[in-house]
Amino acid sequence: MLHNRPVANTPWQQRIRRAEKLAAQYPFAVEILGFYQHVARFQEDVYGRIESGGAGVSPAVLQDSNASNPFARQLLANFPQFLAVVEKHGPERVAQVARELRSAPDGVWSELLDAVWFEVDEPCASPEEFLAFALLQPYAEFVRSHFQLQLEGYTQALCPLCNRKPAMGMLRQQGDGGRRSLVCGFCMMEWEFRRVVCPGCGEENHAKLPVYTAETIPHIRVECCDSCKTYIKSIDLTKNGLADPLVDELAAVPLSLWAQEHGYAKLQPNLLGM
Ligand SMILES: [Zn+2]
Ligand SMILES: [Zn+2]
């Protein structure tokens with residue numbers, strides 16, 4: 001094998017191990033993390049295939065809707081296999097959608113993949129779109145991991161690479177407090193963002209930006225905005241340095257339910273559409 005690095009060091013292996021650990025710790029997350037592990041294993045395969053044929057990729061494929069995706073055909077070829085995984089391991093409602101999508105007429109898949117790849121302003125809404133999103137995500141991550149973007153002075157709330165809204169936040173230790181960054185749920189770009197500003201509407205009034213935590217999972221913060229009524233979950237690495245933004249965010253199901261019950265809508269859904 002050419003890439004002779006330890007398997008456990010791929011981002012997917014790390015996420016799968018983190019999911020196993022959290023599932024053992026949090027009964028409420030067992031189901032979602034079980035499904036996630038199947039999705040992640042498939043994504044890892046997709047990533048490996050992209051990597052072995054990945055010459056000539058440019059960030060433009062994420063930024064320019066006229067740029068053609070050199071892996072479109074390959075991703076399309078992976079779709080039925082992915083749908084089979086979801087049929088087998090997904091929650092009943094999603095499995096049903098995967099079953100129907102598998103027998104969809106010609107052209108439906110490529111239309112769906114194109115829409116999810118290029119329509120960055122509208123977050124995914126239907127289960128079909130989330131399935132396409134999960135299949136495309138390793139490709140976006142591949143593009144991101146192969147290019148160094150100059151982020152100095154970047155202060156916006158949208159992903160500097162693919163222009164999507166952030167799916168989660170992170171707090172990292174800095175001096176006596178924590179420095180906040182935002183993370184894209186598609187290409188997994190992380191960029192710094194001011195701590196007391198709503199990434200949804202720019203609200204800066206501290207009194208309108210309540211933060212909630214729960215004792216059951218104390219390293220996850222629900223950062224709400226009373227102006228635009230959105231929320232984003234942030235992973236506090238100062239409280240748990242082993243946390244993974246994607247997996248820990250998925251696991252914190254009760255916090256999402258709590259936020260929704262209190263009238264907040266999620267700024268951007270996660271990989272599994274929650
Ligand atoms: Zn992005
Ligand atoms: Zn807001």
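The model is predicted, and local features need pLDDT of at least 70, side-chain atom pairs count only at pLDDT 80 or more, and totals for chains, interfaces and linings use all residues. Residues are numbered from 1 along each chain as its sequence is written, chains are lettered from A and ligands numbered from 1 in the order in which they are written, and side-chain values use heavy atoms, with hydrogens and water left out.

Take the zinc ion (ligand 1). Its protein donors (N, O and S atoms within 2.8 Å of the metal, or 3.2 Å for Na, K and Ca; water is not among the atoms, so sites may look incomplete) are the SG atoms of Cys159, Cys162, Cys184 and Cys187, 2.3 Å away. Angles among the four donor atoms run from 98 to 125°, and the site is tetrahedral (four donors with all angles between 85 and 135 degrees). Along the sequence the spacing reads C-x2-C-x21-C-x2-C. Cys159 sits in the loop between α7 (127-145) and β1 (168-174), and Cys184 in the loop between β2 (177-183) and β3 (190-192), so this pair ties together parts 25 residues apart in sequence (helices, H or I, are DSSP runs of at least four residues and strands, E, of at least two, numbered from the N terminus). Both Cys159 and Cys184 are buried (under 20% relative accessible area; exposed is over 50% and partly exposed in between, with a 1.4 Å probe and protein chains only).

As for the zinc ion (ligand 2), SG atoms of Cys198, Cys201, Cys225 and Cys228 coordinate it at 2.3 Å. The angles here are 105 to 114°, which makes the arrangement tetrahedral. The donors follow C-x2-C-x23-C-x2-C along the chain. Cys198, at 4% relative accessibility, counts as buried, whereas Cys201, at 41%, counts as partly exposed.

Notes:
Four donors count as tetrahedral if all angles lie between 85 and 135 degrees; four count as square planar and six as octahedral if opposite donors are over 155 degrees apart and all others between 65 and 115; anything else is irregular.
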